[in-house]
Amino acid sequence: MNLSIIIPTHNRKDNILNTLTCIARQVIQPQHKIEVIVVDHESTDGTTQVILDREAYPYPFKLVRIPRKAWDAATPRNYGAKITNPDFDAIYFLDSDILLPPDRIQRLIDDYLINPDPNRVIVGPYHNMSKPVNIENKDWYKETITDYTKDVRWKSFTENEVSNDVAKGNQGFGYALACFGGSMMVNRSLFFRSGGYDETMINGGEDGDFGLTLWECGAVVSMDQGLLGWHQPHEIDVVRKATPFDTIARIDAKHNVDVIKETGKNFRTWGIPWTMPQLEDAPKVDKTIGELEGKEE
């Protein structure tokens, strides 16, 4: 199998080298090929130079830098997908603050090869760390890690088997919402058939929107808790917090759904206490998303 790994990043110089180091330490059977594409969304903290200064990459590696207008994970993911090797089988989206133990990419490949149906989407969980993990010791993942918050989807990962049989796979709204782009593999043909990520979803709605789009394209979700990664802490971009109900309204109109109602059901499925939010509880912001675009946060 040939796999493209796309890592979007913005101002993550303290995290991305650890993510790349974890990729470099992956133990992958020699018949499989990977390529790594880092898309720097116009970082201002020296992220680009930090990546360039790294001594070597034991795999085909590309670093591209693209302009940034606002907080947006969709644009760099799409850009990375467009420059993947067209002969490769699948695309694995990995965020630049996630650490993977050395067996994860091979496990992902094994999951895929059990049934390489183009409609399968494979997602992995990641627990959110309260403080950075030190990976200087190559056996860091064998140590007891306790200072974290479980992935919000963890209950679904533990209760659902890896669905390699597409006919019996995990389908529906809840599984579509589980398609977090921080650790997710999509068949290359399915990605381009779906049209990729919606670049208008700029405050955190791109994952749910893309998952719904994949579902509408016939995708089923394989949830594998064995792909567990560890999410390094970082500040949340202010634009991501702004006007979330605007994004929800656009998703509702686009997919003919009631995200608030259905997300409440889904969160309860995930084992999370849920209180349906009211529109008047939406965060108050001084500027609209449009006014924030193109300006430094």
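Author: In this predicted model, the largest cavity has a volume of about 40 Å³. It is one of 2 cavities of 30 Å³ or more. Rolling a probe the size of a water molecule over the atoms shows where empty space is left.

The lining of the largest cavity is made up of Asn170, Gln171, Gly172, Tyr175, Ala176, Cys179, Gly211, Leu214, Trp215, Ala219 and Val221. Two elements give two or more residues each to this lining, namely helix H6 (173-177) and helix H8 (206-216). Of these, H8 supplies the largest share, with 3 residues. By class, the lining has 7 nonpolar and 4 polar residues, and no charged ones.

The second largest cavity has a volume of about 30 Å³. Tyr92, Leu100, Arg104, Ile105, Leu108 and Leu227 line this one. Here the largest share, again 3 residues, comes from helix H4 (residues 104-114). The lining of the second largest cavity divides into 5 nonpolar residues, 1 charged residue and no polar ones.

Is Asp207 buried or exposed? Its relative accessible area is 13%, and a residue counts as buried under 20%, so Asp207 is buried. Setting aside neighbours within four places in sequence, Asp207 has contacts with Arg77, Cys179, Phe180, Gly181 and Tyr197. Cys179 is also one of the residues lining the largest cavity.

Strands of a sheet pair through backbone hydrogen bonds, either parallel or antiparallel. S1 pairs with strand S2 (residues 33-40) in the parallel sense, over 8 bridges. Within this pairing, Ser4 stands opposite Glu35 in S2. To get from S1 to S2 the chain passes through helix H1 (residues 13-24), and this β-α-β crossover is right-handed. S1 also pairs with strand S4 (residues 90-94), again in the parallel sense, over 4 bridges. There, the bridge partner of Leu3 is Ala90 in S4.

S4 in turn pairs with strand S9 in the antiparallel sense, over 5 bridges. Phe93 stands opposite Met184 in S9. How many of the residues of strand S9 (residues 183-187) are buried? The count is 5 of the 5, so S9 is largely enclosed by the rest of the structure. Ser183, Met185 and Asn187 point one way from S9, while Met184 and Val186 point the other way, and all of them are buried. Strand S6 (residues 120-123) is also joined to S9, running antiparallel over 3 bridges. In that pairing Val121 stands opposite Val186.

There is also an open sheet of 4 strands, in the order S5-S11-S7-S8, with mixed pairing. Strand S5 (98-99) and strand S8 (148-149) stand at its edges, each with a single partner strand, so one side of each has no neighbour in the sheet. Strand S7 (residues 126-129) and strand S11 (residues 229-231) run parallel and are joined by 3 bridges. Tyr126 stands opposite Gly229 in S11.

For the protein as a whole, the secondary structure comes to 12 helices and 11 strands. Of its 297 residues, 54% count as buried. Among contacts with a separation of 6 or more, 83% are between residues 24 or more positions apart.

Terms used. Residues numbered from 1 in each chain as written. Predicted model: local features only at pLDDT ≥ 70, side-chain atom pairs only at ≥ 80, totals over all residues. Heavy atoms only, no water. 1 Å grid on protein atoms, 1.4 Å probe; cavity = no way out; pocket = protein on both sides within 12 Å on 5 of 7 lines; lining within 4 Å. Points joined across faces, edges and corners; volume = space filled by probe spheres on them. Nonpolar A, V, L, I, M, F, W, Y, C, P; charged D, E, K, R; others polar. Buried < 20%, exposed > 50% of the residue type's maximum accessible area, 1.4 Å probe, protein only. Contact = heavy atoms within 4.5 Å. Pairing = 2+ DSSP bridges. Right-handed = clockwise from strand over helix to strand, strands pointing away.
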